[in-house]
Amino acid sequence: MNRRLATVAAATALTLTAAACSSSEAPGGSASGAAGGKTSVVTSFYPIQFATEQIAGDAIDVTVLTKPGAEPHDLEIGAQDLARLTDSALVIYSKGFQPAVDDAVEQVDGKHVLDVSGAAKLTLTAAEEQGHAGESEAAHEEHAGGTDPHFWLDPERYASVADAIAARLAELDPEQAATYQRNAAAFVDKLTALDEEFTSTLKSCSIKELVTSHAAFTYLADRYGFEQHGIAGVSPEAEPSAAGLAEITALVKQHGVTTIYQETLVEPHFAETVAGSSGAKVATLDPLEGITDASAGSDYFEVMRSNLDVLKEGQGCS
């Protein structure tokens, strides 16, 4: 935390210089975030970027703070990033997911910030779903009662966020309001169709225990009738103790779990350890925090449908 605060403080001290350079290089830039004739909106990480792009179309310049392939939880904000935030017309983020973004947003005028965590209805904690069976005692104490921020893995919550983004963009750019609302409706229709596919495919799975490398799938598990058991906690940096690994391995054997799910942006060591100790196999279930060359698809919908295929096989769904 001290390191994050120091980084933000240093970035703040350099913001005026960086912003001045930015203004001189791009005469169209202003406090309203207009650059090159387009309004500038900065998003924090991929799911928010994707939704905003789907809604904004070509009318708005949408950028993202978290680079493809980077672990979004570990994002650090530099001077240029902070200059982008303070110079943009709107910053869209979800409070509680990226600590560095939470700190940096405090430097931005609140009139130019949209926090989507309220629209996402972040009501579930990982502890409610899987009891943090695999976390060390220290990690358990840190995350017990902590809200799971991975709302986009529930299409219904993601749709609510899309509606909130569309409403805010309409306020920002009233002339394009009808376009934003129309694009949002089309995006929500796609999410509804995706939700129906998940519901239909996963309604008759023989294995209800969902064992994942970290507890990122609380909302997905809740929506589609699974009980999540994260080897680590909500944060992928939390490491399980030896006793925790033994406990979750016993659970895998007891419930006949056949598949342990690893992720694209997290080392698979602990998932492989549990699989090796229990006789289960390892498969990839993507929490969709970002798209990389290793992703099983080029966008949210393609990767989610790949996740559905993986779950159908791994959870014994007929």
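**Aromatic rings**

I started with the ring cluster: ring pairs link Phe45, Tyr46, Phe50, Phe97, Phe151, Trp152, Tyr158, Phe187, Tyr300 and Phe301. For pairing, I took rings of Phe, Tyr and Trp (its six-membered ring) with centres within 6.5 Å; planes under 30 degrees apart count as stacked, over 60 as edge-to-face and the rest as tilted. This is a predicted model, where local features need pLDDT of at least 70, side-chain atom pairs count only at pLDDT 80 or more, and totals for chains, interfaces and linings use all residues. Residues are numbered from 1 along each chain as its sequence is written, and side-chain values use heavy atoms, leaving out hydrogens and water.

Searching the whole structure, I found 14 aromatic pairs. I looked up Phe198 and Tyr224: the ring centres are 5.2 Å apart and the planes stand at 35 degrees, so this pair is tilted. Phe198 sits in helix H8 (residues 177-201) and Tyr224 in helix H9 (residues 218-224), so the pair ties together parts 26 residues apart in sequence. Helices (H or I, at least four residues) and strands (E, at least two) are DSSP runs, numbered from the N terminus. Both Phe198 and Tyr224 are buried (under 20% relative accessible area with a 1.4 Å probe, protein chains only; exposed is over 50%, partly exposed in between).

**The sheet**

Next I traced an open sheet of 4 strands, ordered E7-E6-E8-E9 with parallel pairing (two strands pair if DSSP finds at least two bridges between them). Strands E7 (227-232) and E9 (281-284) are at the edges with a single partner strand each, so one side of each lacks a neighbour in the sheet. I noted 2 bridges joining E6 (residues 209-214) to E8 (residues 259-262), and Thr212 standing opposite Tyr261 in E8.
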